[in-house]
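Here is a short tour of a few residues and their surroundings. Please keep the viewer open while you read.

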Amino acid sequence: MREASELVEEVKFQKKGSSYSLIHLPRELKVIGTGRSAWAFKVKNENKVIKLFFPSFDHLAQKEGEVYEKLSHSLTFPEIYEVGPNYIVMEYIKGKTFYQCLTAGVRIPTKAIEEVEKGLAFARSKGLNPSDIHLHNLILTKDKEVRIIDVVRYTQKKTCYQWRDLARAYRYFYQKSYFPKKFPKWFLEAIAYLYKYCKRLSQYRNNKELK
């Protein structure tokens, strides 16, 4: 395989407003994830992923690489192989995200929730502050093990309650035998929108009361 730096040079994005669209991709790469600050590409025929950050977010490559280095002794997080000026090369984790499990009807076992909590506890023991934990960055492998990705926000100071709320929803609703295990994407997106709206509203009210 060619060096990651060579492949990254050939990836071309075009900015449209506040978002980016892909206009050229080398044949060795395959898109496997898109986000607000970066896209992820699977290196074909290799167990590697290149996460390439957009120009306005390229400083996050170094930050996320440093976080992965601190987490390198935990099997819950993927290995980091290389950190470039605007990209990182990391281990490819084969499986389904928790979001994909919910849309496909794949049951998420209680053990998976416990593994997430152990992984986050390990991160805290390294002086990190796990944040932005959501259904898209939790992966359930074919062996029913859990991997956590997208750790760039683990250095922020504010407290994030997303995982606490997800775990509560799992225990109070999902694990009940009568509760459905498969949901359409529109339903999950609606729940996510309402959750964010309620959080913003609560924060607005709190700020108003402090004034």
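## About the model

This is a predicted model, in which local features need pLDDT of at least 70 and side-chain atom pairs count only at pLDDT 80 or more, while totals for chains, interfaces and linings use all residues. Residues are numbered from 1 along each chain as its sequence is written, and side-chain values use heavy atoms, with hydrogens and water left out.

## Lys-181, buried without a salt bridge

Let's start in the loop between helix H5 (162–174) and helix H6 (185–210), where Lys-181 is found. Helices here are DSSP runs of H or I with at least four residues, strands are runs of E with at least two, and both are numbered from the N terminus. Lys-181 is buried but has no salt bridge. Buried means under 20% relative accessible area, exposed over 50%, and partly exposed in between, using a 1.4 Å probe and protein chains only. A salt bridge is a side-chain nitrogen of Lys or Arg within 4 Å of a carboxyl oxygen of Asp or Glu.

The Lys-181 side chain does reach two backbone oxygens: that of Phe-179 at 2.5 Å and that of Lys-176 at 3.0 Å. Setting aside neighbours within four places in sequence, its contacts (heavy atoms within 4.5 Å) are Cys-101, Leu-102, Gly-105, Arg-107, Tyr-174 and Lys-176.

Leaving out neighbours within four places in sequence, Phe-183 is in contact with Leu-102, Thr-103 and Leu-188.

Tyr-161 sits in the loop between strand S10 (146–148) and H5. Tyr-161 is partly exposed, with a relative accessible area of 40%. Not counting residues up to four places away in sequence, Tyr-161 touches Tyr-195 and Lys-199.

## A nonpolar patch

Trp-186, Phe-187, Ile-191, Tyr-193, Leu-194 and Tyr-197 make a nonpolar patch of about 680 Å². Patches consist of residues with over 30% relative accessible area and no salt bridge; like charges are joined within 9 Å, and nonpolar side chains (Val, Leu, Ile, Met, Phe, Trp, Tyr) within 5 Å. One of the patch members, Tyr-197, is in helix H6 and is partly exposed, with a relative accessible area of 41%.

Notes
Lys, Arg positive; Asp, Glu negative; His and termini not counted. Polar contact = N/O pair within 3.5 Å; in protein donor to acceptor, adjacent residues only side chain to side chain. Areas by Shrake-Rupley, 256 points an atom, 1.4 Å probe, with all protein chains shown as cover.
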